[in-house]
Amino acid sequence: MDDAGRYRLTLVLDDRRVMDGWWGREATGRKKFAATVGDYGRDGARITFVDTATGEVLATWPKPEVSPTP
């Protein structure tokens, strides 16, 4: 973890990283994630929210498609 914060939000538009944000509190990062989806969620956008201490992806937009179980 760096001084910027544990929770990282990344916005990629048309395969170019255009915004990163870091927060020390997960709740704050989740609010920013929801706001970013509201502002930038469109075709060509990818938004990820990651716990940098564990490497766990906490949220993504768009949500990955789930294949049906045969």
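I began with the loop between E1 and E2, where Asp 14 lies; helices (H or I, at least four residues) and strands (E, at least two) are DSSP runs, numbered from the N terminus. The model is predicted, so I kept to its limits: local features need pLDDT of at least 70, side-chain atom pairs count only at pLDDT 80 or more, and totals for chains, interfaces and linings use all residues. Residues are numbered from 1 along each chain as its sequence is written, and side-chain values use heavy atoms, with hydrogens and water left out.

Asp 14 is not a glycine, yet its phi is positive, at about 50 degrees. I found Asp 15 in the loop between E1 and E2 as well, with a positive phi near 65 degrees. Asp 14 has 52% relative accessibility and therefore counts as exposed (exposed is over 50%, buried under 20%, partly exposed in between, with a 1.4 Å probe and protein chains only). Asp 15 has 69% and counts as exposed.

Next I traced the sheet. It is open, with four antiparallel strands in the order E2-E1-E3-E4; two strands pair if DSSP finds at least two bridges between them. E2 (16-23) and E4 (56-61) each have a single partner strand, so one side of each lacks a neighbour in the sheet.

I then checked E1 (residues 7-13) against E3 (residues 45-51) and noted seven bridges in the antiparallel sense. Arg 8 stands opposite Val 50 in E3.

Last, I looked at the segment after E4, which holds Pro 62. The peptide bond joining Trp 61 and Pro 62 is cis, with omega about -5 degrees.
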